[in-house]
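Open the model in a viewer and keep the selection panel at hand. The stops below go from a sheet to the packing around it.

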Amino acid sequence: MGGTFDPIHYGHLVTAEGARYEYDLEKVIFIPAGQPPHKPNFKRTQAWRRYEMTRLAVATNPFFEESPIEIERPGPTYTIDTVQEISRLYPGAQIFFITGADAVAEILNWKKVERLLSICRFIAATRPGYKQGEIWKKIGALPQGLKNNIFYMEVPALAISSTDIRQRVRKGKPIKYLLPEPVETYITSNNIYLD
């Protein structure tokens, strides 16, 4: 499961657990984004802090683990490189990439998208406001064989976003019950998201 995880929250965890169950996945590896090429000027929290929050969030689920492979890679990090590295680490494994439906709708802009879709399957998790038909319209230029490697999964409508959590922290509003308690404690004890 890829994402900036700035911070990781219950929406991410519910999506991962739903995908794990629905697609009978052996485990879900959370991979905090290194330097996303589509967000070059986006101000994000230091990579090691985002990784630590991810580690804290997944610690209680025996089917979840975290990986620093993207934050350890210099320069822009592309999903194709990450998936190829995971393929090398787990030879013969069937790989699914879990992400939001909004990200999948933009997949035609991704590096080596046809190669990517030929070596892994995508689970496009819906977020509030996204509809399956909109995704299929946007990826219409993909060959049908590759479209067959994109699966649509509805998750409970949790209107939680990392952006909202960061804004709430800056405004002194509570974030309890939006994310795991160890992540909340880490944010407050390290003054993350305060300017």
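Predicted model: local features only at pLDDT ≥ 70, side-chain atom pairs only at ≥ 80, totals over all residues.

Stop 1: Select residues 2-3, 28-32 and 64-66, which are strands E1, E2 and E3. These 3 strands make an open sheet, ordered E1-E2-E3, with parallel pairing. E1 and E3 each have a single partner strand and stand at the edges, so one side of each has no neighbour in the sheet.

**Stop 2: the E2-E3 pairing.** Which residue of E3 is the bridge partner of Val 28? Select Phe 64 to see it. E2 and E3 pair in the parallel sense, and the pairing runs over 3 bridges.

**Stop 3**

**Stop 4: the largest nonpolar core.** This core has 32 residues. Select Ile 8, Leu 25, Val 28, Phe 30, Ile 123, Val 183 and Ile 187, the members with the most contacts inside it. Elements that give two or more residues to this core include H1, E2, helix H2 (47-58) and helix H9 (181-189). H2 gives the most, with 4 residues.

**Stop 5: around Ile 187.** Centre on Ile 187 and ignore neighbours within four places in sequence. The residues in contact with Ile 187 are then Pro 7, Met 53, Val 169, Ile 175, Leu 179, Ile 192 and Tyr 193.

**Stop 6: the second core.** Finally, select Ile 29, Ile 86, Ile 95 and Phe 97, which are among the residues of a separate core of 23 residues.

Methods. Residues numbered from 1 in each chain as written. Heavy atoms only, no water. Pairing = 2+ DSSP bridges. Core = buried A, V, L, I, M, F, W, Y, C linked by side-chain atoms within 4.5 Å. Buried < 20%, exposed > 50% of the residue type's maximum accessible area, 1.4 Å probe, protein only. Contact = heavy atoms within 4.5 Å.
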